[in-house]
Amino acid sequence: LNRVKTLEDDMMETSFNRCLSTIDLTLLGIGGMVGSGLYVLTGTVAKEIAGPAVIVSFIIAGFASLLAALCYAEFGARVPKTGSAYMFTYVSVGEIWAFLIGWNVLLEYMIGGAAVARAWSGYLDSIFNHKIKNFTETHVGAWQVPFLARYPDFLAAAILLVATAFISFGAKVSSWLNHVFSAISMGVILFILIMGFVLAQPKNWSTQEGGFAPYGLSGIMAGTATCFYAFVGFDVIAASSEEARNPQRAVPRAIAFSLGLATGAYILVSVVLTLMVPWHTLDPDSALADAFYRRGYAWAGFLVAAGSICAMNTVLLSNLFSLPRIVYAMAEDGLFFQVFSRVHPRTQVPVIGIVVFGLLMALLALVFDLEALVQFLSIGTLLAYTFVAASIIVLRFQQQKGDVAMPVAGGRPNPEPHEGPSCSELKEYESFSDKLHLVDRDKSKEQREPGQLKAAFEPYLEFLSDFYPGEVVTVAVVTLMVSAICLCSILVFGNTHLHLPTWSYSLLLVLFSLGFLLSLLLIWAHEQQHSTQTFQIPLVPLSPALSIILNIYLMLKLSYMTWLRFAIWLLLGLIVYFGYGIWHSKE
């Protein structure tokens, strides 16, 4: 269950076509993030969850995403392989965890694509005064079932099939299409901002309209959990790193640029929206178009609708772009059905995966309800982010493969001259612990290796120096995760569901915070790798730890139905893994 993936010597060789530049990746990332969220989510959150303080929600969500994004950036530069969170977890934590992350990300992309397609058709419908909806309801019929949509959405299914066809033509075609739609979408956003600030009325934030934060701090935090969904798209950059020309530089840059631009767009658009019309009168389905329409600019509403349709196209493309690649990575490692790892010789994309999952997405969009779907989205993402952050800590304090001493006659083996040491000698050692047993335990060397205690702490933590390098850190990461979960549970449920008296509430908070901080200190007392070649996240282990605690907090804020559906999906995943993956794994 805990075997880790051994990487090839040459990480740049691939059956894909390395054709994407930094700009291509950045636009893919922006396309993935600035989509329906900008046109749909801002209105919904402002009206129902946070009021005008949706701006604060976006700022916090943007910060939480930045922490996660930096982890992705470091990994994407170090391991330029497709598969994003799945691959990163497989390299550092272990197989079953990687499979479950991949399984969740898979569901999340399918739901993301389906939800966007539904929003897309809803928007188009609202331009034509709901003619499509009424036609479908009269001729096909409507049904009242929880989680299912009111009526089958043929338009959404159709757009998904068209997008699938375009994606299967190869990375260059997808990228070019994405450029076109992104350009239109950005033009429209600029127009919204300029026009919106002209129409802004500060009195819409005043107290007689309910004030800036009508739902208080809890509203802002609940809004953050929903807004976080808006930034999900950046992992498309990590998923397409196997198609980047120079991933070591392109991936970190593209992630930074796209996240910065997307956050800016979200914050400014929500400022404009809540200043144009009072927040409690917003139409949650098509807030922006409706706002312009009510201020007497019906033509502007039409432009906004056109822009939003382009933006949703980019999200669809980026979802359909990364999903088959993650499935490909899992199939390539033998954890998922082998048929999905076939790459078409001419277009150099995994065609079978694209077609199968495009059809599945179309089916989802046809019959399921948007709201029930979107809630489900955040949990897989947050879980993936949590594991990637934990993987960063584990990997940073692990020895580089060349440091693993082989028992050679004549003492120390010759260290490898280059950075990425050869892997051939490691193939015979299956698990991580076997590698650890071979570690050279000669303490007299001046230069300490990653995972060993820093010299300054040696006198105080003498008892820890007997462990293998990296072992203490791994245990500390686990305690860190456990204390983060307990701490967040107390924060979220302490006063509401558990009805704790004040003294026990504060005592438990102090205890778990201490556990969290002690694990952090313990990790920090060890040496870490310092690589000059690729991007590294600053302030390890603090920034990944912050990311972990934020993600867990947001996960616990989700509704219990989401957790129930999540558990069912996990069970299905475990059946697939134990029925197929564990026996066919390449490792």
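Trainee: Why is N104 called buried?

Mentor: Its relative accessibility is 3%, and buried means under 20%, so N104 counts as buried. Keep in mind that this is a predicted model. N104 is found in helix α5, residues 95-127.

Trainee: Which residues does N104 touch, leaving out those up to four places away in sequence?

Mentor: N104 touches G380, L383, F566, W569 and L570. Contact here means heavy atoms within 4.5 Å.

Trainee: What makes T381 buried?

Mentor: T381 has a relative accessible area of 1%. The cut-off for buried is under 20%, so T381 is buried. T381 is found in helix α15, residues 370-396. Beyond its neighbours within four places in sequence, T381 is in contact with E108 and V232.

Trainee: Now a loop residue. How do you know whether T82 counts as buried or exposed?

Mentor: Look at its relative accessibility, which is 1%. Buried means under 20% and exposed means over 50%, so T82 counts as buried. T82 is found in the loop between α3 (54-78) and α4 (84-92). Setting aside residues up to four places away in sequence, T82 touches F16, M87, A239, S241, E242, R325, Y328 and A329.

Trainee: Why is F166 called partly exposed?

Mentor: F166 has 37% relative accessibility. Partly exposed lies between the buried limit, under 20%, and the exposed limit, over 50%, so F166 counts as partly exposed. F166 has its place in helix α7, residues 154-167. Apart from neighbours within four places in sequence, F166 is in contact with V173 and L177. The C-alpha atoms of F166 and F228 are 29 Å apart, and these two are 62 residues apart along the chain.

Trainee: Why is α11 described as largely enclosed by the rest of the structure?

Mentor: Of its 30 residues, 21 are buried, so α11 is largely enclosed by the rest of the structure. From first C-alpha to last, α11 reaches 42 Å, close to the 44 Å expected at 1.5 Å a residue.

Trainee: What describes the packing of α1 and α11?

Mentor: Two packed helices are described by the angle between their axes and the distance between the axes. For α1 (residues 22-33) and α11 (residues 247-276), the angle is about 35° and the axes are 8 Å apart. The crossing of α1 and α11 is right-handed. Residues making the contact include T22, L25 and T26 of α1 and A250, V251 and R253 of α11. By class, that contact has 11 nonpolar, 4 polar and 1 charged residues.

Trainee: Which residues does UniProt list for "domain: Cationic amino acid transporter C-terminal"?

Mentor: The UniProt record, an unreviewed entry, lists residues 535-585 under that name. In the model, residues 535-585 are 78% helix and 0% strand, with end C-alpha atoms 30 Å apart.

Note on methods:
Residues are numbered from 1 along each chain as its sequence is written. This is a predicted model: local features need pLDDT of at least 70, side-chain atom pairs count only at pLDDT 80 or more; totals for chains, interfaces and linings use all residues. Side-chain values use heavy atoms; hydrogens and water are left out. Axes are lines fitted to C-alpha atoms, for helices over the stretch in contact, and angles run from 0 to 180 degrees between N-to-C directions. Helices (H or I, at least four residues) and strands (E, at least two) are DSSP runs, numbered from the N terminus. A crossing is left-handed if the near helix is turned anticlockwise from the far one by less than a right angle, and right-handed if clockwise. Ala, Val, Leu, Ile, Met, Phe, Trp, Tyr, Cys and Pro count as nonpolar, Asp, Glu, Lys and Arg as charged, and the others, Gly among them, as polar. UniProt positions are given in the numbering used here, feature names are shortened, and annotations may be inferred rather than shown by experiment. Buried means under 20% relative accessible area, exposed over 50%, partly exposed in between (1.4 Å probe, protein chains only). The expected span of a helix is 1.5 Å times one less than its number of residues.
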